[in-house]
Amino acid sequence: MTASLLLGDWRDVLDVVVDSTISDPPYGARTHAGHNEGSKTANGCFDNELDYDHWTPEDVREFVEFWSPRTRGWLIGMTSHDLIPAWEAALAEVGRYAFAPLPYVDLG
């Protein structure tokens, strides 16, 4: 078994068939806004503002439509709660079953 980690914009990375796709794409607008608001320093400047755009339901659908026929097994996307319905709908549209979301809390 060979595993590969590919970084970058998914549209530019590759066009192959894989066993599993595990991704951590940008989260939704609410999560991005909350992160950026929480990144403000005391003087109102941003300490670590996100430098990429949030994802929309259309972005999720485009990603799933691209990767679903190229992924034989698990198609996993880490996401924010506001995009869960978009992921469920996109996966259903291509005939995939969406499991209940699994919570993850980063304490550090």
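User: How many helices and strands does the protein chain have?
Analyst: The protein chain has 4 helices and 2 strands. Both are DSSP runs numbered from the N terminus: helices are H or I with at least four residues, strands are E with at least two. This is a predicted model, where local features need pLDDT of at least 70, side-chain atom pairs count only at pLDDT 80 or more, and totals for chains, interfaces and linings use all residues. Residues are numbered from 1 along each chain as its sequence is written, and side-chain values use heavy atoms, with hydrogens and water left out.

User: What pattern does the chain follow along the sequence?
Analyst: The pattern is α-β-α-α-β-α.

User: OK, salt bridges. How many does the structure hold?
Analyst: There are 2. A salt bridge is a side-chain nitrogen of Lys or Arg within 4 Å of a carboxyl oxygen of Asp or Glu.

User: Which residue forms a salt bridge with Arg72?
Analyst: Asp19 does, and the closest N and O atoms are 2.7 Å apart. Arg72 sits in the loop between H3 and S2, and Asp19 in the loop between helix H1 (10-13) and strand S1 (21-23), so the pair ties together parts 53 residues apart in sequence.

User: Is Arg72 buried or exposed?
Analyst: Arg72 is exposed, at 58% relative accessible area. Buried means under 20%, exposed over 50%, and partly exposed in between (1.4 Å probe, protein chains only).

User: And where are Glu58 and Arg61, which also meet in a salt bridge?
Analyst: Both are in helix H3, 3 residues apart, which is about one helical turn. Glu58 is partly exposed at 41%. Arg61 is partly exposed too, at 30%.

User: New topic. At what angle do H3 and H4 pack?
Analyst: About 35°, with their axes 9 Å apart. Axes are lines fitted to C-alpha atoms, for helices over the stretch in contact, and angles run from 0 to 180 degrees between N-to-C directions.

User: Which residues make that contact?
Analyst: From H3, they include Pro57, Val60 and Phe63. From H4, they include Trp87, Ala90 and Leu91. Contact means heavy atoms within 4.5 Å.

User: Last one, Arg70. Where does Arg70 lie?
Analyst: Arg70 is in the loop between helix H3 (57-67) and strand S2 (75-77). A polar atom of the Arg70 side chain lies 2.6 Å from the backbone oxygen of Phe66. Arg70 and Val17 are 53 residues apart in sequence, but 4.3 Å apart in space, C-alpha to C-alpha.

Note on methods: Polar contact = N/O pair within 3.5 Å; in protein donor to acceptor, adjacent residues only side chain to side chain.
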